[in-house]
Amino acid sequence: MSIINTKYHFLFFITFISGLVYAQNTANGKIVDSKTNKEISGVDIFINDNNNPAITTTSGNFSVQSDSVIYKLKFLRKNYALESINITPENSNNIFVKLSQEKVGNIQEVVIHNEKPKYKNKKENPAYAIMQEIWKRKRNNGLDKFNTYTYKEYEKIQFDANNLDSTFMKKKIFNKLDFIFDYADSTASGKMALPIFLNESIYENYGENKPNKKNKRLLVAQKTSGFQDNQVLTVTAKNLYRDINIYDNTLNYFDIGFPSPVGTDGFSTYDYNLTDTISVNGERAYRIRYQPKRTEVLAFQGYLYIDTDSYAVIGATLKSTQKINVNFINSISTELEYDNPDDETFLPKKFVTAIELTPFAKKKKSKSIIARRSVDYYQYDFNKPLDEKIFVRKEEEYDDKFVDKDEEYWNKTRPDSLTKAEQGVYEMLDKLKQTPKFNRIVKLYETLGSRHYNITKGIDLGPIFSIYGFNEVEGNRIRLGARTYFTQNDPWRVQFYGAYGFRDQQFKYGVEGRYMFNRVNRFTLGIGTRRDILQLGTQLTDDDGIMSRSFASSTVFARGENASLSSVNQTNVFASIEPWKNFQIRVDGTMQSIKSANPSGFNLMYYRNGELRQTVNDSHVTLSLIARPGAKFSQTGVDRYEHGTLAPTIVLKYTRGIEGLFNADYNYNKLQFLFHKPFLIGSWGKTLINFEAGKNFNTVPLALQNVIPGNQSYGLVPNTFAQLNYYEFVADTYATLHLEHHFNGKILSYIPLIKKLKLREVAFIRGAYGTLSNKAKAINVDGLRYTAPSDHVYYEYGFGIENIGFGNLRIFRVDFNWRGNYLDKPDVSKFGIKAGFQIGF
């Protein structure tokens with residue numbers, strides 16, 4: 001594929017940023033009674049979203065210090081309402097806190113506990129009665145109840161370097177860049193907090209539920225500190241976050257499922273303790289503390305704030321445990337605020353999520369990044385007529401300049417003004433962009449993230465990770481490529497590669513050009529051609545793209561000898577359009593000739609009208625319908641970067657071979673279907689499902705036949721059969737199913753000693769069934785050696801261990817595969833081990 005998987009963006013991003021990272025902060029002040037102005041002692045002070053108080057005061061004065069940036073303090077004392085204050089460098093000293101008295105009484109007949117009590121069963125727990133009321137009145141997002149609605153979102157994403165000290169600041173890398181520390185916030189301990197990235201976005205949301213359900217989320221303004229043209233950094237930042245609903249049983253963080261403390265099965269994961277009643281935004285609320293029964297599982301701890309009258313969740317805090325087992329993540333904390341307009345619905349008000357990221361170690365003092373995202377939902381308006389034109393996608397919305405707004409606009413539109421430190425991010429990055437050394441660092445990161453190296457304006461070399469390969473026909477293979485690249489939103493792109501095999505001493509090449517005429521419906525035309533050595537049969541529902549690259553053509557390490565390579569001369573033209581969002585219609589016209597690249601070891605010869613032939617000439621037209629409901633993309637050019645989601649991929653393809661067109665040999669009809677979807681299964685992890693089915697309605701030679709994809713490499717290749725040889729099974733009609741479940745350490749966390757390694761378990765099973773007609777066998781010279789899995793379903797099974805590594809860098813995976821049947825075939829592999837890198841959380 002020409003676009004790198006966005007999972008790699010994150011790894012390269014934190015590795016780059018972690019070279020700029022440590023922070024601490026302090027705050028002090030006085031606490032008094034709001035009516036008497038007398039000093040109050042015995043006040044619990046909570047830093048940020050921590051669930052445990054940093055200190056309990058012994059006098060009216062207080063002073064707190066943290067290993068991370070302090071952006072909020074909460075003050076809580078029995079018989080007083082909770083007070084929360086946002087902290088900035090300007091107001092961190094001499095804070096004057098006034099607490100208002102609240103009468104705290106028993107709730108009906110419920111006894112309120114401040115310590116964690118022990119109960120014989122959950123029904124004795126007073127929190128259980130409250131949670132039952134929440135489940136009975138489970139609320140839905142209020143947007144679904146109105147005929148129409150509009151509202152705005154203000155999103156702010158900020159990255160701060162953490163654990164930066166004077167020793168680190170003197171490192172050679174900061175020569176000529178030391179002015180950035182002028183923008184850091186010094187603390188009494190000599191540590192610093194350095195803001196390094198800020199992205200602001202404003203969205204306008206429109207929705208209609210009746211008479212037809214439709215919605216639109218329009219980005220109307222975006223401002224990024226110095227990185228507007230960076231092709232992967234902003235995408236990486238936004239990919240860290242998912243939208244969550246506290247009422248769901250499973251909360252999605254990084255496409256990993258965490259049990260919700262408000263979920264109906266919460267008591268299987270969490271212990272609950274009713275601690276108090278307090279006032280939240282003028283509403284009386286139960287305060288329930290929850291924590292996981294087992295700290296090794298992926299779960300949260302924190303507080304729920306439940307309205308005492310309506311049993312609505314009006315607020316919640318979620319914080320990960322110290323033993324969180326997620327790659328690159330030291331901690332997660334989220335604070336949620338909701339409005340509840342009636343007894344059945346809720347509306348989001350403010351969500352704040354802070355993530356501490358480190359590429360290597362999980363220690364508290366490790367250099368890290370604090371990634372903080374806050375979203376304000378405001379200006380709700382309901383049941384007012386909306387012009388139908390609002391929901392129509394417009395060309396100007398996709399223009400590069402559409403989201404450019406001046407500073408006056410931002411000052412008027414932001415719900416809250418920026419702090420001095422946040423304003424400094426823009427100024428600092430503007431200066432850094434003028435520094436050659438910083439630009440070289442950014443270029444290195446971009447090269448790793450995009451897999452291409454920019455040599456001059458508009459020209460990139462790459463992909464850099466595809467330079468070397470090896471196969472039986474070419475021996476050592478060198479591949480060099482290039483592409484045009486002016487901006488991330490280029491409407492056109494030309495790509496080229498050249499390859500040379502030192503064994504066959506042949507030059508290969510591929511070139512493709514694409515032009516997108518309309519950014520709204522993404523109407524695109526493309527043309528390309530290539531002459532290359534390829535391993536066909538490694539995908540069932542493949543594409544005709546010229547720049548697509550077969551993994552098996554350049555496998556360095558593999559079991560057995562792979563002689564089943566083909567020499568392919570191919571020319572392709574295509575047109576594609578998206579008449580509806582995330583639904584693509586593509587038509588390809590392909591002319592190709594295919595013959596064996598190694599006639600002595602792999603026979604592609606076939607009979608046509610009684611004549612023995614070695615080259616298949618083929619011309620076909622393919623209609624593809626591709627649906628990606630729920631997928632999110634960045635950029636508006638011919639290439640886009642996809643955000644991480646659980647969106648499915650659904651493909652329906654019809655291929656028509658046309659005999660006689662450009663000397664083509666066969667008329668044929670082929671129909672194919674693909675469905676791929678990841679599913680979160682509560683606290684039990686994530687299941688990946690990949691189903692494919694297809695049928696050739698006519699007799700065709702082996703080069704045009706459906707091959708059940710094998711994998712003779714020792715690497716991990718999704719949706720292939722690890723114990724099959726290439727071309728071991730060939731089918732006119734086929735169906736395959738791949739099921740892979742990632743338990744996220746659920747089972748291994750119960751095993752002493754092993755659980756300390758933080759390994760995760762994977763289980764999988766794969767199956768294939770198909771038939772091959774006698775005519776299809778007879779047409780090929782070696783046809784009798786090819787069979788389909790028609791006696792019974794061929795299957796493989798096994799398990800894998802992932803999350804292998806150290807600290808936060810756990811990106812290695814090993815799979816153990818067993819072949820389930822068809823064991824009497826010659827040269828079969830009954831057991832095999834596959835290994836590889838798996839970039840992800």
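How many bridges pair strand S37 with strand S38, and in which sense do the two strands pair? Strand S37 (residues 668-680) and strand S38 (residues 686-696) pair in the antiparallel sense over 11 bridges; two strands pair if DSSP finds at least two bridges between them. Welcome to this structure, which is a predicted model: local features need pLDDT of at least 70, side-chain atom pairs count only at pLDDT 80 or more, and totals for chains, interfaces and linings use all residues. Residues are numbered from 1 along each chain as its sequence is written, and side-chain values use heavy atoms, with hydrogens and water left out.

**The chain as a whole**

- The protein chain has eight helices and 45 strands; helices (H or I, at least four residues) and strands (E, at least two) are DSSP runs, numbered from the N terminus.
- Of the 841 residues in the protein chain, 56% are buried. Buried means under 20% relative accessible area, exposed means over 50%, and partly exposed lies in between (1.4 Å probe, protein chains only).
- The protein chain has an accessible surface of about 37500 Å², and carbon and sulfur atoms account for 53% of that surface. Accessible areas come from the Shrake-Rupley method with a 1.4 Å probe, and for residues only the protein chains shown count as cover.

**Strands and their partners**

- Strands of a sheet pair through backbone hydrogen bonds, either parallel or antiparallel.
- Back at the opening pair, Lys 670 stands opposite Asn 696 in S38.
- The hairpin of S37 and S38 has five residues between the strands, and Gly 682 there takes a positive phi near 55 degrees.
- S38 is also joined to strand S41 (residues 733-742) by 10 bridges, and these two run antiparallel. Here Glu 692 stands opposite Thr 736 in S41.
- Elsewhere, four strands make an open sheet in the order S3-S2-S5-S6, with antiparallel pairing. Strand S3 (55-56) and strand S6 (83-86) are at its edges with a single partner strand each, so one side of each has no neighbour in the sheet.
- Within that order, strand S2 (residues 44-47) and strand S5 (residues 72-76) pair in the antiparallel sense over four bridges, and Asp 44 has Leu 76 in S5 as its bridge partner.

**Salt bridges**

- Side chains of opposite charge can pair when their charged atoms come close.
- The structure holds 36 salt bridges, a salt bridge being a side-chain nitrogen of Lys or Arg within 4 Å of a carboxyl oxygen of Asp or Glu.
- One of them joins the side chains of Arg 373 and Glu 155 (2.8 Å, N to O). This pair links distant parts of the chain, with Arg 373 in strand S21 and Glu 155 in strand S9 (residues 148-164), 218 residues apart. Arg 373 counts as buried because its relative accessibility is 10%, and Glu 155 is buried too, at 5%.
- Asp 639 forms a salt bridge with Arg 514, and their closest N and O atoms are 2.9 Å apart. Asp 639 is in the loop between strand S34 (633-634) and strand S35 (641-642), while Arg 514 is in strand S27 (residues 506-518), 125 residues apart. Asp 639 is buried at 9% relative accessibility, and Arg 514 is buried at 12%.
- Glu 407 and Arg 414 meet through their side chains in a salt bridge (3.5 Å, N to O). Glu 407 is partly exposed, at 37% relative accessible area, whereas Arg 414 is buried, at 9%.
- A network of salt bridges links Glu 474, Arg 477, Asp 504, Lys 508 and Asp 532.

**Patches on the surface**

- Patches are made of residues with over 30% relative accessible area and no salt bridge; like charges are joined within 9 Å, and nonpolar side chains (Val, Leu, Ile, Met, Phe, Trp, Tyr) within 5 Å.
- A nonpolar patch on the surface, with about 840 Å² of accessible area together, includes Ile 467, Tyr 468, Leu 480 and Phe 496. Strand S25 (475-485), strand S26 (492-501) and S27 each supply at least two residues of this patch.
- Leu 480 lies in strand S25 and is exposed, with a relative accessible area of 53%.
- Glu 395, Glu 396, Asp 399, Asp 400 and Asp 404 gather in a patch of negative charge. Lys and Arg count as positive and Asp and Glu as negative, while His and the chain ends are not counted; the place of a charge is taken as NZ of Lys, CZ of Arg, CG of Asp or CD of Glu.
- Glu 396 is found in the loop between strand S21 (368-382) and helix H5 (407-413), and counts as partly exposed at 44% relative accessibility.
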